[in-house]
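Good morning, and thank you for coming.

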Amino acid sequence: MGVANERSIAWGIARSLYKAGASLIFTYRKERSFQKLSQLLEEEGIEPLMTVSCDISEDASIQAAFDAIGARVGIIHGVAHSIAFADKDELKGEYANTSREGFLLAQDASAYSLVAVAREARKWMSEGGSIVTQSYIGAERVVRNYNVMGVAKASLEASVRYLAEDLGQFGIRVNAVSAGPIRTLAAKGVSGFNDIMSTIQQKAPLRRNIDQDEVGDATLFLLSPLSRAVTGEVLHVDAGYHIIG
Ligand code: NDP
Ligand code: KAL
C-alpha cells in the first residue's frame, strides 16, 4: 500500500518481495499513482495478483479493498503499509501552531489508517502473518519541521505495539521500520530535507544515507518467517543514525 512512483518506499518493498518470490497485491489512491504503478509493473515484468483502489481516509474504501482481495485470494500472509499524509502548511514553523484540523488529519491518515487496515486484513490472515508500517525518527525526537507528523508517527509506533498484542494470539506480527530520509514524492518541497540528508552523511555511523532497496530488504525480513519471533518492534534502517547523541 503506497506506491506513488518509482521513488516510493513501497516500490522498494515491492521489488524486494518480488525477488523473494512473493505474490503481490497493490493498493493505490490517486489515478496518477495507478498509472505510474501499472507502468512500473510492466517495465519490471511483474504480474500482480491484483491491483485495488483504496483510500485509507475512508473505512468503507478499506473494507471494500480487503473484501475484494479476500474474495479473490482467500488468504493473505502480509501487509506493507507505506502511507502518511499531513497538510503542507503544518510541516513548518512552530508545532505549537498546529491546528485541530491539521492534527486530526495527520493522525487519521498516518496512524489510524494502520489500525483500520490491520482490522480488515486480519480477516484474511487465517494462517498468521506479518504487518509492517513505515515510521521516522521524528516519532522519538524533535526534528525541525516534522511537527504534526512526528506526533502522528509516535501514535503509529504505539499502535504497532497495541496491535502486536491484539493480533499475536492469531500468529500475526506487527512491526515498523524507521527509515532514514529518502527523496520521495511525499518528501518533495518540504523544507529542511537537504540539510537532514547531509547531517546523516556526516554523523551516521555508516556515514551515508540509505535507499528504498535497503528499506525494502528490511521490510522483507519483517514480513518473512526469518523474523518469526519479532513483533511490536521498531527497526531502524537509518545507517545507525539513531544511536548518535
Ligand atoms: P510517497 O509519496 O512515495 O508515498 C506516499 C504514499 O501515501 C503515496 O502512494 C500516496 O498515494 C499515499 N497516500 C497518502 N494519502 C493516502 C490516502 N488517503 N489513501 C491511500 N493512500 C494515500 O512517499 P514515501 O515512500 O516517502 O512514504 C511512504 C511512507 O514512508 C510514509 O509513511 C512516510 O511517512 C514514510 N517515511 C518516509 C521517509 C522518507 O524520507 N521518504 C522516511 C521515513 C518514513 P496517492 O499519491 O495515490 O494518494
Ligand atoms: C523532517 C523532515 C523534513 C520534512 C518535513 C515533513 C515531512 C512530512 C512527510 C509527509 C508524509 C509529507 C506530506 O504529507 C506532504 C503533503 O502535504 C504534500 N504532498 C503530496 O500530497 C504528495 C503529492 C503525496 C504523494 O504525498 C502524500 N503524503 O501522499 C522529514 C524528512 C527528513 C523525512 C520524511 C520525508 C519523512 C516522512 O515521513 O515522509
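I shall take the annotated positions one after another. Please keep in mind that this is a predicted model.

Which residue carries it? The entry places the feature at Ala 86. In the model, Ala 86 belongs to the loop between β3, residues 78-81, and α4, residues 100-122. Is Ala 86 buried or exposed? A residue is counted as buried when 20 or more other C-beta atoms lie within 10 Å of its own. Ala 86 has 24 C-beta neighbours inside 10 Å, and therefore it counts as buried. If we set aside residues up to four places away in sequence, the contacts of Ala 86 include Leu 91, Gly 102, Leu 105, Ala 106 and Ser 110. Val 148, Met 149 and Ala 152 are also among the residues that Ala 86 touches.

I now turn to the "active site" annotation, which likewise comes from an unreviewed UniProt entry and covers Tyr 136 and Tyr 146. Where does Tyr 136 lie? Tyr 136 is in the loop between β4, residues 129-135, and α5, residues 147-168. The place of Tyr 146 is also in the loop between β4 and α5.

Tyr 136 is buried because 22 other C-beta atoms lie within 10 Å. Tyr 146 has 23 C-beta neighbours inside 10 Å, so it counts as buried too.

Finally, what does Tyr 136 contact, leaving aside its neighbours within four places in sequence? The residues are Lys 153, Ser 178 and Ala 179.

Definitions and conventions. Residues numbered from 1 in each chain as written. Chains lettered and ligands numbered in written order. Predicted model: local features only at pLDDT ≥ 70, side-chain atom pairs only at ≥ 80, totals over all residues. UniProt positions renumbered as here; feature names shortened; annotations may be inferred. Helix = DSSP H or I, 4+ residues; strand = E, 2+ residues; numbered from the N terminus. Buried ≥ 20, exposed ≤ 12 C-beta atoms within 10 Å, placed from the backbone. Contact = placed C-beta atoms within 7 Å.
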